[in-house]
Amino acid sequence: MPERAARTPKTADRLARMLVVVPYFVQHPGTSLEEASTLFDVPADQLRKDLELLFLSGLPPYGPGDLIDVEIDEDDQVTIRMADHFARPLRLTRHEALALYLRGTELLGTAGLPQAPALRSALEKLRNELGPETLGDPEGRIEATEADRPLASLTAIREAASAHRRLRITYFAHSSGEWSVREIEPEEVFASMGSWYVAAWDVAADAERLFRVDRIREVEDLEVPFTPHGLRGAGRALYTPTEEDVHVRLHLRPGARWVAEYYAVTDAREADGGGLDVSLPVKRLDWVAGLLLRLGTDAEVLEPPDLRERVRDLARRTLDRYGD
């Protein structure tokens, strides 16, 4: 088994944390590291390291008077100066407000979201404060799906990921259409495109895998601790390439360019007519055949040649089943 890397704080996590922590310190000078550690659920030593990075942060042209000043006294009380821009009220343009409202509404439709009540309240305040002249009166045209429907396995997976405990799961693989039992070491649980995912280490494969939570039928906590590999969560591609991947090359016409944004593609090259040539790493050609049947004339197979016959065969079987 390869040696496991030590878990280090992710840059995105630290940035998101500091965007919350810094305004608090600006508005509450003299707050101690211990108080802030309890308030934000961050170890005091990690919080100190994050604050030390602020000495290198500020506004252009990044001269001595432009950088944030952080003071941590002998009692571990924190004072932040030269960061008044964090204390200013947030002012959104119409486009920014609408984008924020849309993304928040999209997230609200994610099943099992524990912050759903708070998010719903915040979106309601945003709509009321900014008004129809800013948001374009989206009432009745933009709404979230039901967000309170729980995923039975989500809580158990979150708890295991937080405590670094191994799980045994029963999982449905969409690519093969089969159920299998896996032992996994869950590290990051995150929402993307309206679904929950868990980035985990597959024990049998001895490799990283990404699982969609709504395809997990059973979860058993094995109460076996593990050392995290430092797998990525939110913001990652929703496919983990492996050595078993089949090389597929596609030509995407403008109507199918969304494929390059939704799936993990490589070697993307602009083509004539606004199209895009991409390589799509996949484990099974049957899955790609289904995608191509969905795309219709907006996509064309460049490689491998036998994928074209798979698409034709799938189309014939589909017509035979639903032709009447």
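Because the model is predicted, local features are described only where pLDDT is at least 70 and side-chain atom pairs count only at pLDDT 80 or more, while totals for chains, interfaces and linings use all residues. Residues are numbered from 1 along each chain as its sequence is written, and side-chain values use heavy atoms, with hydrogens and water left out.

The secondary structure elements named here are DSSP runs, numbered from the N terminus, with helices being H or I runs of at least four residues and strands being E runs of at least two. An open sheet of three strands has the order 1-3-2 and antiparallel pairing, where two strands pair if DSSP finds at least two bridges between them. Strand 1 (31–32) and strand 2 (69–72) stand at the edges of this sheet with a single partner strand each, so one side of each is left without a neighbour in the sheet. The antiparallel pairing of strand 1 with strand 3 (residues 77–81) runs over two bridges, and Ser-32 stands opposite Gln-77 in strand 3.

Helix 2 spans residues 33–40, and its buried residues are Leu-33, Ala-36 and Ser-37; here buried means under 20% relative accessible area, exposed means over 50%, and partly exposed lies in between, with a 1.4 Å probe and protein chains only. Seen down the axis of helix 2, these buried residues fall within an arc of 105°, so they line one face of the helix, the arc being that of the directions from the helix axis to the C-beta atoms. On the other side of helix 2, Glu-34 and Thr-38 are exposed. Just after helix 2, Asp-41 takes a positive phi of about 55°.

Helix 7 (residues 154–163) has Leu-154, Ile-157, Ala-160 and Ala-161 as its buried residues. Viewed down the axis of helix 7, its buried residues fall within an arc of 130°, so they too line one face of their helix. The buried residues of helix 7 pack against strand 4, strand 5, strand 6 (195–202) and strand 8, where contact means heavy atoms within 4.5 Å. Just after helix 7, His-164 takes a positive phi of about 55°.

Side chains of opposite charge can pair when their charged atoms come close. By this rule the count comes to 16 salt bridges. Glu-185 forms one of them with Arg-166, the closest N and O atoms being 2.7 Å apart. This pair links distant parts of the chain, with Glu-185 in strand 5 (residues 178–192) and Arg-166 in strand 4 (residues 165–173), 19 residues apart, and both Glu-185 and Arg-166 are buried. Arg-168 forms a salt bridge with Glu-220, for which the closest N and O atoms are 2.9 Å apart. Arg-168 lies in strand 4 and Glu-220 in strand 8 (residues 216–225), so the pair ties together parts that are 52 residues apart in sequence. Arg-168 counts as partly exposed at 29% relative accessibility, and Glu-220 is partly exposed with a relative accessible area of 39%. The side chains of Glu-309 and Arg-316 also meet in a salt bridge (2.9 Å, N to O). Salt bridges that share partners join Arg-166, Arg-168, Glu-183, Glu-185 and Glu-220 into one network.

Leu-252 has Leu-276 as its bridge partner in strand 11, and Leu-252 stands opposite Ala-299 in strand 12.

Ser-279 is found in strand 11 (residues 276–279) and, at 5% relative accessibility, counts as buried. The side chain of Ser-279 makes a polar contact with the side chain of Arg-249 at 2.9 Å, a polar contact being a pair of N or O atoms within 3.5 Å in which, within protein, one must be able to donate a hydrogen and the other to accept it, and residues adjacent in sequence count only if both atoms are side-chain atoms. Leaving aside its neighbours within four places in sequence, Ser-279 is in contact with His-247, Val-248, Arg-249, Ala-264, Val-265, Thr-266 and Asp-267.

Methods: Salt bridge = Lys/Arg side-chain N within 4 Å of Asp/Glu carboxyl O.
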